[in-house]
Amino acid sequence: MSEFKSVVPKTINPDLQKERKAATFDVEEFATWWHDGEAKLRAKREVERHIFANLEDGYGINHEYMSHEDVYNTAVRRVAEAAPKLKALQKKLNPGGKDIWPGSLFNTHSHGLFPSNHPLATHATMFTDVIKGQGTPEQVAKWSEAAENCNIIGTYAQTELAHGTNVRGIATRADFDAKTDEFVLNTPNLEAYKWWPGGLGHTANHAMVVAQLYVKGEHKGIQMFIVPVRDAETHLPLPGIDIGEVGKKLGMVAVNQGFLGLKNVRIPRTNMLMKHAKVQRDGTFKASPASRVNYLTMVYTRCLIVNLNSTLLLEAATIATRYSAVRRQSPIEENAPEPQIIDHVTQRLKLFPEIANGIAYHLVAKHMWELYDQTVLDANNGKFERLPDMHIMSCALKVLCTTDGCAGIERLRLSTGGHGYLISANLSNIYGNAVAAYTYEGENTVLLLQIGRALIKAWRTYTQREPLSPSYAYFEEAMRQREFPKWENSWQCIIRALQYTAAHKTRIAYENLAERIAAGQSQAGAANNTGIELTRAAELHGRQFVCNIFLEQIIGEKASRRSKALNDVLENVLELFLVQTVLNNLNDILRFIRLTDADLRSLQKRLEVALEKFRPNAVAICDGFDFHDCVLNSSLGSYDGNVYARLFDAAKRSTMNQKPVQKSFENYLKPLLKANL
């Protein structure tokens, strides 16, 4: 690329300066709260100071003009170059921690350090952690350190070409050969090929293969096996291995998702992870003490997904909000100067609810991590009672966060007009990274149906007057009332209304399911025909949970650690989130709760007031997330707000602009211009 002089000034856009001065709270306090304390915020910034210094010119956009292979190879080079630096930085700044290495391979820093993504994230998040979580002490000792040091690189191979969310339908087999003390793995047909694992294509040399275990011809359920797939020296596929990448995708350009076929691939018996279920030398099989224990891996991954997608939503919101404070268009008053588009109420409705959504899911995810840690401790002590509820709530949170997040990112992209369509805005890349999560680790509709089945089971428990687990305790409160009390507009009233509605939607789904079975339909057929009602009840079950936890996070005991000014801002975020949730679900709420016209007008007024109160703090709230410019990687969302100069700068970097005339001119365009058509 030829040299050219950047036109981006060193100054801050005056409109953004004005926004920051108008804030009613201390942004640094917000950032400190958001990042869990001064020490973590300071460490985060110190890491960024090191990893984002001295990046090559055009680091965040050059890959957009590379070939498919070059994008991948560049990403591998960047990871390989970053790894020793990140590990050294971890040792220097936080010895023994994992926030920098391997954390920067998958946390928010990775969005700036690897703008085209990279193929080691699954290795760092799934392969290594599953070994530690599901392996015996001997297996952890053998594999974990090698994986953490990248002496081996792995991936997590569960999804198949014809089987995804339905884990029980997986067709890959692992048969125990007692004579050789080995497992023999096969993908019996093309449909059984592993499909989608990150890094599997050309990067990983090991795979955590999820397969159906057979011992002496008897099926023993789903288990996990560490399978070498490439030679440690040549990186060529090992005998019996058919491997490659799945091709170009909508997003995740350099993740190198792959396919894997297995034909009579033999591995030692000790390569099956055996912390819970075990196959002994003589072929004796010892089942896991809890059949759902393997769900811990999926719960862990779904918590990661909520972290990721709430962050991506807030990155998009930061870009769109800053742009909306800089862009001026369409006078509100006739003959008045063009206002910042953030002054249009309709623009605020596009922006502010997405910020509220991102904050809500971020805080609920923190709550889920606390539950996850406790669930792991319980499982290690042989207690598995918490697992079913944890599994269902992680399903619900994953569904809602990815559904709302993906819709929100697209809404935010549209809010930036034509400029948001440019790659340099980075909104399309953010969307591409986010929308994949709608499907992976459980397609959202399938997960809603799983939740629906759990709701039916819980409702049956309720009707039989047996004790309910905490997740469903609201059934009793809701059904104790013949009708919902008079609407009194409090936050608690909103949550009770959502719970009341969720309980009655569950009741109706249960009754209709029973009616279909009584009419002669099979249990499975009736469940399929009740699917619409089940998924809607499941969504409402999740929404009441998110609202309840968000309320507790904002007004609970943690509020005493924050200033009044910050709490005022956060309470308005909560107000906007709860009111918007009610308005978005009125079609179901009004079926069970009598709201007067005055009540509905009040909700609309509350929405408008919350948007108005949000207005002076919108830019400052986004600043409080403390996204580095390299992370946002956006011509529209930079901290300095020099939107138009950055758009032009990005355009000049196009490889098409490095020569005044393209070769197609002489060969095709010139003859066309001179043709007499």
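Cysteine 622 counts as buried, because its relative accessibility is 0%; buried means under 20% relative accessible area, exposed over 50%, and partly exposed in between, using a 1.4 Å probe and protein chains only. Cysteine 401, at 1% relative accessibility, counts as buried too. A word on what you are looking at: this is a predicted model, where local features need pLDDT of at least 70, side-chain atom pairs count only at pLDDT 80 or more, and totals for chains, interfaces and linings use all residues. Residues are numbered from 1 along each chain as its sequence is written, and side-chain values use heavy atoms, with hydrogens and water left out.

Let's stay with the cysteines. The structure holds 0 disulfides, a disulfide being a pair of cysteine sulfur atoms within 2.5 Å. For cysteine 401, the nearest cysteine sulfur belongs to cysteine 406 and lies 8.5 Å away. For cysteine 622, the nearest is that of cysteine 401, at 16 Å.

Now turn to an open sheet of 3 strands, with the order 4-8-7 and antiparallel pairing. Strands (E, at least two residues) are DSSP runs, numbered from the N terminus, and two of them pair if DSSP finds at least two bridges between them. Strand 4 (194-195) and strand 7 (241-245) each have a single partner strand, so one side of each is left without a neighbour in the sheet. Strand 7 pairs with strand 8 (residues 258-262) over 5 bridges, and here isoleucine 243 stands opposite leucine 260.

Finally, find valine 167 in the loop between strand 1 (156-157) and strand 2 (173-177). Beyond its neighbours within four places in sequence, valine 167 is in contact (heavy atoms within 4.5 Å) with Gln158, Gln212, Ile222 and Met298.

How values were computed: Helix = DSSP H or I, 4+ residues; strand = E, 2+ residues; numbered from the N terminus.
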